[in-house]
Amino acid sequence: MTCIRKDSTDEMITFSYLCSAMVTENTIILAPLHGYTECAFRNALAGCFYGYDEAIAPFISLSPAEHVNPRRLHDLVPSRNSRLTVVPQILGNEPQQFIAMANALADLGYDRLNWNMGCPKKSIASKQRGSGLLPHPELIDGILSAVVPKIPQRLSVKLRLGRSHPEEIYPVIGVLNRFPLETVILHPRIGIEKYEVRADVDRFEEVLPLFKHPVIYNGDIFSLADYNRISDRFRSVKAFMIGRGVFANPFLAEQIKGLPLASAEEQRNRFIHFISVLMDELKKDSKSSHFLFSRMKDYWGFFSYLFYDSEKIYKELVRIPDEERFYQRQGKILNEAIWRDLNSSQTDFTGSKADKKQLEG
Ligand SMILES: Cc1cc2nc3c(=O)[nH]c(=O)nc-3n(C[C@H](O)[C@H](O)[C@H](O)COP(=O)(O)O)c2cc1C
């Protein structure tokens with residue numbers, strides 16, 4: 001039997017034990033979403049929902065400064081990252097800066113590191129960073145040759161199929177296979193597609209056997225059915241990264257691990273609790289009330305989809321200039337707007353500007 005217990009001594013729902021043979025023992029990884037899945041969100045998610053095994057943190061850009069400014073590592077301070085295993089992510093292409101950043105992260109205790117080779121943003125890719133690295137396997141080779149022997153961490157990479165063509169992946173695989181990487185996280189789209197077409201699962205299938213390293217699947221898992229379809233098709237894949245699906249259905253990792261989805265009323269109540277924990281966590285990031293206000297508006301770009309009339313809800317909330325009115329309205333929406341029962345409906349962000357802002361991952 002599967003049991004979860006709500007710990008009454010703690011406002012946070014803690015899942016004290018899970019006494020069941022798991023439906024899946026696959027690892028579920030929270031994807032990095034810059035501006036969303038920073039420490040406050042990770043803590044709230046891990047405190048309120050079961051099943052997320054680890055997270056890759058949103059990228060930290062490399063910078064030319066000789067010493068890494070500790071403020072840039074604020075999101076990764078160990079004291080605030082004890083709830084969920086976190087792997088820091090680096091975005092950049094300069095080996096000395098890469099090594100300096102790796103060392104600064106090692107000083108914080110991080111023994112794993114991820115390199116971003118997938119960011120689709122034009123301003124980043126045009127400087128041969130993120131997905132802009134993918135047409136340049138020789139550059140990737142040079143960076144890995146310089147960095148891998150010098151960093152104390154186990155390194156993983158997160159990449160797309162290419163920047164402009166899915167064929168770009170093939171020489172990149174050849175390069176990656178020559179290095180002792182921990183894992184390769186593959187999001188089967190090309191950079192210029194951003195999120196406008198479906199993840200190319202057929203191409204994923206084609207390239208999967210070419211990798212020497214364990215491959216982690218990432219892309220368009222929004223529901224248990226999506227997860228089952230992908231995990232059944234790729235039996236050799238043992239870890240799955242989920243990004244927007246966590247916003248479409250925060251209960252998804254629980255469902256994947258075999259817990260039944262609660263009634264619509266309980267879903268809503270647990271989500272309301274999650275919002276209050278998230279706000280408390282965000283308050284630890286900054287004393288500025290404006291920070292909390294603008295962050296919550298951003299989150300509603302995703303959260304609104306959990307309700308019917310999501311467009312109306314988002315448009316209304318985002319236009320409220322006054323903080324007090326915003327929180328009053330947020331409370332009313334949380335309690336009274338029609339919840340989209342996740343037992344019978346599914347949100348699929350593909351093809352839309354999922355967070356209603358410019359997507360930049
Ligand atoms: C708003 C936003 C921010 C993102 N930030 C990052 C990031 O910092 N690093 C990264 O590797 N990927 C980033 N991504 C990409 C996601 O990690 C993930 O690969 C992508 O959303 C596809 O997975 P999904 O379909 O499960 O959402 C971002 C995506 C979005 C939508």
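A: One working rule before we start: two strands pair if DSSP finds at least two bridges between them. Keep in mind too that this is a predicted model.

Eight strands form a closed barrel in the order E1-E2-E3-E4-E5-E6-E7-E8, and the pairing is parallel. On average, neighbouring strands in this sheet are turned by 30 degrees against each other, ignoring direction. The protein has eight strands, along with 13 helices.

What joins the two ends of that strand order? Strand E1, residues 27-30, runs parallel to strand E8, residues 239-242, and four bridges hold the pair together. If you want to find the spot on screen, go to Thr27, whose bridge partner in E8 is Ala239.

E8 has another partner in E7, again parallel, with two bridges between them.

Strand E6, residues 184-190, runs parallel to E7, residues 215-218, and three bridges join them. Val184 stands opposite Val215 in E7, and Ile185 stands opposite Ile216.

For a view from another strand, take Asn116, which sits in strand E4, residues 112-117. Is Asn116 buried or exposed? It has 26 C-beta neighbours inside 10 Å, so it counts as buried; the cut-off for that label is 20 or more. Setting aside residues within four places in sequence, Asn116 is in contact with Phe59, Gln89, Ile90, Leu91, Gly130 and Lys158. Gly132 is 16 residues from Asn116 in sequence, and their C-alpha atoms are 10 Å apart.

Staying in that stretch of the chain, have a look at Gln128, in the loop between helix H3 (122-125) and helix H4 (137-147). Gln128 has a positive phi of about 55 degrees, even though it is not a glycine. With 18 C-beta neighbours inside 10 Å, it counts as partly exposed.

Next, where does this part sit in the whole chain? The domain assignment gives domain 1 as 27-256 and domain 2 as 264-336, and their C-alpha centres lie 28 Å apart. Twelve residues from domain 1 and 16 residues from domain 2 make up the contact. On the domain 1 side, the elements giving two or more residues are helix H1 (39-48) and helix H8 (244-248). H1 gives the most, with six residues. By class, that side of domain 1 has nine nonpolar, three polar and no charged residues.

Phe291 is in helix H11, residues 289-303, and counts as partly exposed because it has 13 C-beta neighbours inside 10 Å. Beyond residues up to four places away in sequence, Phe291 touches Asp285 and Ser286. Phe274 is 17 residues from Phe291 along the chain, with 18 Å between their C-alpha atoms. Further on, Asp309 is in the loop between H11 and helix H12 (310-318). Like Gln128, Asp309 isn't a glycine but has a positive phi, in this case near 65 degrees. Asp309 has 14 C-beta neighbours inside 10 Å, so it too counts as partly exposed.

The C-alpha trace spans about 55 × 45 × 40 Å along its principal axes. A compact globule of 361 residues would have a radius of gyration near 21 Å, and the 20 Å of this protein agrees with that. Of the 361 residues, 40% count as buried. Among contacts with a separation of 6 or more, 74% come from residues 24 or more positions apart.

Methods:
Residues are numbered from 1 along each chain as its sequence is written. This is a predicted model: local features need pLDDT of at least 70, side-chain atom pairs count only at pLDDT 80 or more; totals for chains, interfaces and linings use all residues. The radius of gyration is taken over C-alpha atoms; the globule rule is 2.2 Å times the number of residues to the power 0.38. A residue is buried if 20 or more other C-beta atoms lie within 10 Å of its own, exposed if 12 or fewer, and partly exposed in between; C-beta atoms are placed from the backbone. Two residues are in contact if their C-beta atoms, placed from the backbone, lie within 7 Å. Domain bounds come from an automatic or database domain assignment. Ala, Val, Leu, Ile, Met, Phe, Trp, Tyr, Cys and Pro count as nonpolar, Asp, Glu, Lys and Arg as charged, and the others, Gly among them, as polar. Axes are lines fitted to C-alpha atoms, for helices over the stretch in contact, and angles run from 0 to 180 degrees between N-to-C directions.
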